[in-house]
Amino acid sequence: MATLAGALIMAGAVPAAQAHDPEALTAGHERPELSFGRSEQYDYDPPLPGSYRLPAIKPAPDGRVLDSKERLHQLHALMDGRITVLAFIYTRCSDPRGCPLAISLLYDLLFVARRDPAIGGSLRLMALSFDVENDTPEVLADYAGAAQKDHGAAGELLFLTTRGEAELDPILEAYGQPIGRKLDAADPFGPYTHQLRVFLIDPERRIRNIYSLGFLDPRLVATDIRTLLLERRGQSPGG
Amino acid sequence: MTRTLWTLCGLTLVLALGGSPALADETCQSPYMAKITGQEEYVYVWTLGVQGLGDGSDKLVTVDVRPGSSSYGKVVASTSVGGRHEAHHGGLTDDRRQLWVSGLDTSKIFIFDVAADPGKPKLVKTIDDFEKASGGVVGPHGAYALPGRMLISGLSNNKDHGGRTALVEYSNEGKHIATHWMPTAEDSNGAKIESVADGYGYDARVLPRKNVMLSTSFTGWSNYMMDFGKMLQDADAMKRFGQTAVLWDFHARTPKKVFHVPGAPLEVRWAWGPRNNYAFTTTALTSQLWLIYEDEAGEWQAKAVADIGDPSKIPLPVDISLSADDSLLWIDSFMDGTVRAFDVSDPHQPKQVYEKVIGKQLNMVSQSWDGERLYFTTSLLANWDKKGADNEQFLKAYDWDGTELKHRFSIDFNDAGLGRPHIMRFGAKSLYSN
């Protein structure tokens with residue numbers, strides 16, 4: 001697994017610039033996320049935090065999950081009064097427009113959280129696998145461990161799985177996260193299709209935004225996180 | 001073989017197409033949903049009921065378009081929703097499992113499950129408190145997929161039944177999330193106003209990579225429910241048409257600029273190309289093709305770039321469809337029953353390259369991803385459709401070979417006792433079977 005980080009960079013899961021010189025990127029910025037800058041895919045300046053509302057979409061469903069050390073948790077307990085970013089992924093997905101993008105977003109947010117205590121102390125990042133066959137706690141531990149080796153303490157980013165479909169399916173259903181098996185189980189990009197969705201959940205366990213391809217801009221997600229923080233302080237319009 | 005393109009873990013199919021534009025869609029729909037990049041299998045037609053015709057109710061009609069099927073070109077399912085609601089537009093959710101269609105008169109929204117059996121959609125939910133939940137919006141029009149939610153553009157309001165209205169967000173589960181009122185001169189919500197801000201609405205579509213949304217403007221309940229001939233004679237009514245297009249900061253849902261686009265700009269189509277920062281719309285009353293574009297200084301501008309037919313004859317352009325390569329724009333006009341194709345390779349200088357009369361009246365057009373198949377329907381509004389022998393109501397399918405539209409099949413919705421066919425959306429079993 002030593003090559004995982006390199007593979008993640010190749011697949012776009014870890015920003016190459018971040019891997020090279022993260023400190024240089026934040027120089028002169030109050031919002032570290034702005035260091036990611038514009039790109040062809042995200043060719044705009046994000047709005048100011050707190051300048052807009054994030055209406056509650058629906059309550060964030062609960063469910064029982066396993067962490068990479070085989071400990072059982074309730075999702076709600078892990079959210080623990082924090083702002084949570086939850087992505088549904090599977091580690092066998094190598095489609096650069098799929099799960100690696102979601103993982104990339106989580107690492108980008110980790111990058112921001114480590115440079116801004118206002119976010120770092122309030123944020124929970126979670127990647128929940130829907131591949132119960134492959135993504136055992138051991139596999140997730142390797143996955144997280146390899147990332148930790150190259151990016152420092154990865155403990156703030158939780159890799160989760162479930163004990164089986166009986167516990168997984170109600171979670172997927174409740175979040176509205178459809179998945180399907182490809183006809184070709186040997187597809188080089190992985191055996192599953194799924195709608196790429198990442199959820200922003202507030203401390204009251206309400207879903208406040210849903211991101212998919214086209215929205216996985218760490219600048220926007222970090223701006224949303226700041227908007228929720230301002231809302232808690234009574235400094236934004238609220239949901 | 002039906003191919004699908006998902007914005008997710010399944011890139012193989014994209015590569016098989018040689019890297020097709022990632023944000024395109026087979027019928028110019030939301031960029032956030034799975035796409036049918038091969039042969040569509042079903043066409044869903046949201047159809048207005050006609051008193052005394054069949055059961056008289058609005059209904060979702062499913063047509064089999066699978067080549068080689070024994071029921072190719074035939075109606076294979078029809079599900080009535082009970083009553084007439086002024087069936088008009090609708091759209092699929094981002095996961096393409098539901099089709100939301102709405103009624104402009106009763107402001108009801110009907111949600112069909114199209115995933116369990118794509119050949120036989122099932123009505124699973126009706127939203128009947130849209131007006132109350134939205135805070136007074138009337139006439140839910142488009143249903144545009146966003147991640148996990150739907151954006152509904154309204155046409156009117158319950159205070160004066162005029163054109164001032166809002167964009168309304170619902171979760172995919174059918175719960176109201178938010179209402180965003182259109183900017184007006186009195187409440188611009190921070191928008192820069194070119195000339196006027198009427199607060200009207202019609203279509204709303206997003207260009208994610210620029211974080212912008214463009215909305216357009218039509219008219220309110222008091223006009224779209226009025227007899228067309230009577231309205232034309234009513235000078236005051238004719239003043240109550242939209243003349244704006246609004247550019248929004250999409251993420252913040254705040255208006256940035258209100259363009260003056262006189263003559264009721266209707267459908268919006270963003271270009272697909274990764275550097276094509278522009279959209280087209282057409283004005284119904286002034287018969288012009290408009291370009292909304294980002295200039296070299298990064299400012300968004302709007303200008304008329306072509307006439308559609310002879311504007312003095314008011315052909316009433318209604319629906320448009322842009323090819324996936326941004327080269328060809330199909331424009332239907334209602335009064336002359338004609339479809340015109342414009343070469344828009346240079347969006348600032350479109351040139352008409354083809355036209356064909358499809359029928360005595362014409363409204364919607366939907367094209368396949370590859371641009372090789374086009375489908376047309378006829379009904380505009382129950383009280384605006386032509387009368388007598390001119391009131392043709394059909395679905396017609398054509399093949400496009402690059403130079404000529406060649407007829408494949410027709411279904412006469414009058415003879416079949418179905419009603420007035422309006423919006424079309426495509427379905428395919430392969431979206432759900434893999």
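Reader: Which residues have the most contacts inside the largest nonpolar core?

Author: They are Val43(B), Met150(B), Ile292(B), Leu329(B) and Trp330(B), in a core of 123 residues. Strand S3 (residues 42–48) of chain B gives the largest share of this core, 6 residues. One caution: this is a predicted model, where local features need pLDDT of at least 70, side-chain atom pairs count only at pLDDT 80 or more, and totals for chains, interfaces and linings use all residues. Residues are numbered from 1 along each chain as its sequence is written, while chains are lettered from A and ligands numbered from 1 in the order in which they are written.

Reader: What makes a set of residues a nonpolar core?

Author: Its members are buried Ala, Val, Leu, Ile, Met, Phe, Trp, Tyr and Cys residues, joined through C-beta atoms within 7 Å. A second, separate core has 62 residues, including Ile57(A) and Leu105(A).

Reader: What does Ile292(B) touch beyond its neighbours within four places in sequence?

Author: Its contacts there include Leu214(B), Phe259(B), Tyr278(B) and Trp300(B). A contact means that two C-beta atoms, placed from the backbone, lie within 7 Å.

Reader: Why does Gly214(A) count as buried?

Author: Buried means 20 or more other C-beta atoms within 10 Å of a residue's own; exposed means 12 or fewer, and partly exposed lies in between, with C-beta atoms placed from the backbone. Gly214(A) has 21 such neighbours, so it counts as buried. Its place is in the loop between S10 and helix H9 (218–232) of chain A.

Reader: How much of chain B is buried?

Author: Buried residues make up 59% of its 434 residues.

Reader: How many helices and strands does chain B have?

Author: Chain B has 6 helices and 33 strands. Both are DSSP runs, numbered from the N terminus: helices are H or I with at least four residues, strands are E with at least two.

Reader: Why are strands S29 and S32 of chain B at the edges of their sheet?

Author: The order of this open sheet is S29-S30-S31-S32 (chain B), with antiparallel pairing. S29 (365–367) and S32 (405–412) each have a single partner strand, so one side of each lacks a neighbour in the sheet. Strands pair if DSSP finds at least two bridges between them.

Reader: How many bridges join S30 to S31 in chain B?

Author: Strand S30 (residues 373–377) and strand S31 (residues 394–400) of chain B are joined by 5 bridges and run antiparallel. In S31(B), Lys396(B) is the bridge partner of Phe376(B).

Reader: Where do chains A and B meet, and how many residues take part?

Author: 37 residues of chain A are in contact with 32 residues of chain B. On the side of chain A that touches chain B, S8(A) gives the most, with 3 residues. That side divides into 18 nonpolar, 11 polar and 8 charged residues. Here Ala, Val, Leu, Ile, Met, Phe, Trp, Tyr, Cys and Pro count as nonpolar, Asp, Glu, Lys and Arg as charged, and the others, Gly among them, as polar.
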